[in-house]
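Hi everyone, thanks for coming. Please have a look at the structure on the screen, and then I'll walk you through a few parts of it.

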Amino acid sequence: MKRRDFLNAMGLSASSLFLPSRAHATEGPPKRLLVLYSAQGCAPQRWICNPFGLADTVSWNRDWTNWGIREFSDSLKPLFPFAQHCTAIGGLGLVSCAADGNGFHHERIKAHGPSGANALWLDGLPYTGGETIDQKIASHICRPDQYRSIECSVGGGLEYEDESTAMYQAPGQPLVPIDDPRVLWERLFGYLSDGGDGSLTQQGSILDAVSSRYADLAEQLSQTDKVRLEQHRDLIRDLETRLVGISTASCSNPPTEPTSHGNYEEDFESHLQLISAAFSCDLTRVASIQMGQLSPVQIGRPNGDMHDRYAHAIYYDQDAENAMADYMAYHAAQMARMIEVLDSVPEGDGSVFDNTIIVWLSELADSWHGMDNYPVVMAGGRHTKLARGRYLSCPKRTPYETVKHIPNRYMGVPHQQMLVSLCHMFGMTDTSVGVRQVRGWDGSQIDCTGPLADLLA
């Protein structure tokens, strides 16, 4: 069968394909999410912005586009030129994580942070107990005939811990990131190397060919097994749809294949450029880059162990505090680069960034393994629903006590509310993400539901 006849038979002729230029004329460009996930955590005293000297029990929301660069914390100074696009949220607490078992701070916080869900304990270790926020949003905005999402890592991502990924499609179902940009290029654009006329599309639908066998087998099964068989069939159909869609996709200006792998800065740039092209070609609408732990050399320190020498000592060693401020500033500069790259790609009457939200999440709250002062920054284009150009300070009034350098019986606002807000920015109506409530030390039920209204435009 000729390729054109095959596509017509499958309902995949040019008239039925998703063409971004046609969609832009009717629906507008699609919305997209890009997650920057950094290892370790911050030195809160050098990340939090508080030029007004207000108490941390006070809730405030200010336009930081009017601030001078000295009013930006050392960790966030690289975002100063992009303040109009960015909103930082201080005063969030990983309350559900503090309430969820003992020990394993890295793993527990990694489980709660991107998902808001309690950990799933397997063989005595905590794994993510729910889908992570990127996957939740992907379920709402992804195309059925393209990649649901793309997961990348730089420098091995979180390989310095036992579990090397923070992104989960479902409880206990990790999504392994691609560390080599050359592999990412092959996944995204390798199908173009054979002119889009490979053997895949010539085979026709496997499921259509065996549909009668499915029906015959279903008649012999119990109701429970019949449901399982239908779920299996639906999964295969979803995979088939994506494979056919990818094999027939087009990209007007695909990037060239990266030629190397192993340099931290170059790999980040390669991943970013490939994700930008994938967004532009609508091969995917959700992507994440998980950053490996920086070495001291990368932030101008003598070679050594970043984790033990600096991260743990932020509250009693000035050099360690300075190092972790530089550590977060390094990633803030990467977020600024994300804005630059996405804003350089034309789309509609603006750029790809105009329809994208970037969210920067951290593995830990503070690098001392604390669970309060969880640092989050979002950036969004002009067609997103993010309230841009703000600094939000959430009050520490949550009656839950966790280990802190300076004892305090109260934590910040449950971070689930930030995740709910992110869902609402993509047109979702969820009122909760993950844990809904936690019992406080005063016997009250701490509400983890609802959005942070000040985050929404």
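Let's start with a term: a disulfide is a pair of cysteine sulfur atoms within 2.5 Å. Before we use that, some housekeeping. What you see is a predicted model, where local features need pLDDT of at least 70, side-chain atom pairs count only at pLDDT 80 or more, and totals for chains, interfaces and linings use all residues. Residues are numbered from 1 along each chain as its sequence is written, and side-chain values use heavy atoms, with hydrogens and water left out.

C251 and C281 form it, with their sulfur atoms 1.8 Å apart. This pair links distant parts of the chain, 30 residues apart. C251 is in the loop between helix 10 (223–247) and helix 11 (264–280), while C281 is in the loop between helix 11 and strand 9 (286–291). When I say helix or strand, I mean DSSP runs numbered from the N terminus: H or I with at least four residues for helices, E with at least two for strands.

Are these cysteines buried or exposed? Buried means under 20% relative accessible area, exposed means over 50%, and partly exposed is in between, using a 1.4 Å probe and protein chains only. C251 has 12% relative accessibility, so it counts as buried. C281 has 13%, so it counts as buried too. Two further cysteines to find are C49, buried at a relative accessible area of 1%, and C423, buried at 0%.

Now let's zoom out. The protein chain has 14 helices and 17 strands. Buried residues make up 54% of its 457 residues. As for confidence, pLDDT is the predictor's own confidence in each residue, from 0 to 100. The chain's mean pLDDT is 87, and 84% of its residues reach 70 or more. Over residues 1–26, though, the pLDDT is below 50.

Next, some strands. Two strands pair if DSSP finds at least two bridges between them. Please find strand 13, residues 372–380: nine of its nine residues are buried. Strand 3 (residues 86–93) runs antiparallel to strand 13, and six bridges join them.

Strand 4 (residues 119–122) and strand 5 (residues 125–128) pair in the antiparallel sense over four bridges. L122 stands opposite L125 in strand 5. Two residues lie between the strands of this hairpin, where D123 takes a positive phi near 55 degrees.

My last stop is I137, which sits in helix 6 (residues 133–141). I137 is buried, with a relative accessible area of 0%. Which residues does I137 contact, leaving aside its neighbours within four places in sequence? Contact here means heavy atoms within 4.5 Å, and the residues in contact with I137 are L33, L422, F426 and M428. Along the chain, I137 and G427 are 290 residues apart, yet their C-alpha atoms are separated by 9.6 Å. Across the protein chain, residues 24 or more positions apart account for 72% of the contacts with a separation of 6 or more.
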